[in-house]
Amino acid sequence: SASNANNITTIIKNETGSYNSAFFDYIILSASNLRAGTVFSCFSSSNISYTEYSTTDVGDTSQVTMSVNLSDKFINLVSDTPSGQTWQIKAFGRYL
């Protein structure tokens with residue numbers, strides 16, 4: 001049902017240009033729940049591989065996932081958060 005839908009949000013969008021990797025450092029928080037981490041990726045054409053390393057939760061952030069995708073000529077850091085909850089996400093990207 002719509003009440004179970006999640007919010008998919010692009011946090012950072014950058015042109016791939018001559019880059020073949022992206023590293024995204026982030027912190028997510030809601031009330032007293034938070035975690036910090038890094039999602040790193042490598043990509044070529046339409047192929048991408050990524051993984052995430054993060055701190056253990058303070059509280060519970062298990063409902064929030066981070067991912068990376070390619071769209072046209074852009075590399076995107078994307079969050080997936082539950083509807084009806086407010087999560088603040090701060091992030092920055094580094095590209096090689």
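Let me start with a definition: buried means under 20% relative accessible area, exposed means over 50%, and partly exposed is in between, with a 1.4 Å probe and protein chains only. Hi everyone, and thanks for coming.

What you see above is a predicted model, where local features need pLDDT of at least 70, side-chain atom pairs count only at pLDDT 80 or more, and totals for chains, interfaces and linings use all residues. Residues are numbered from 1 along each chain as its sequence is written, and side-chain values use heavy atoms, with hydrogens and water left out.

First, the overall fold. The protein chain has zero helices and seven strands; here helices (H or I, at least four residues) and strands (E, at least two) are DSSP runs, numbered from the N terminus. Along the sequence the pattern reads β-β-β-β-β-β-β. The radius of gyration is 14 Å, close to the 12 Å from the globule rule for 96 residues, so the chain is as compact as a globular protein of that length. That radius is taken over C-alpha atoms, and the rule is 2.2 Å times the number of residues to the power 0.38. The C-alpha trace spans about 40 × 30 × 15 Å along its principal axes, and 29% of the 96 residues count as buried.

Now the contacts, meaning heavy atoms within 4.5 Å. Of those with a separation of 6 or more, 55% join residues 24 or more positions apart.

How many salt bridges does a search of the whole structure find? It finds two, a salt bridge being a side-chain nitrogen of Lys or Arg within 4 Å of a carboxyl oxygen of Asp or Glu.

One of them pairs Arg94 with Asp25, at 3.3 Å from N to O. This pair links distant parts of the chain, with Arg94 in strand β7 (residues 88-95) and Asp25 in strand β2 (residues 21-30), 69 residues apart. Arg94 is partly exposed at 39% relative accessible area, whereas Asp25 is buried at 18%.

Arg35 and Glu52 also form a salt bridge, and their closest N and O atoms are 3.3 Å apart. Here Arg35 sits in strand β3 (residues 33-44) and Glu52 in strand β4 (residues 47-54), 17 residues apart. Is Arg35 buried or exposed? Arg35 is buried, with a relative accessible area of 7%, while Glu52 is partly exposed at 28%.

Last stop: Ser79, in strand β6 (residues 74-82). Ser79 counts as buried because its relative accessibility is 2%. Leaving aside residues up to four places away in sequence, Ser79 touches Asn7, Ile8, Thr9, Ile11, Thr65, Met66 and Ile89.
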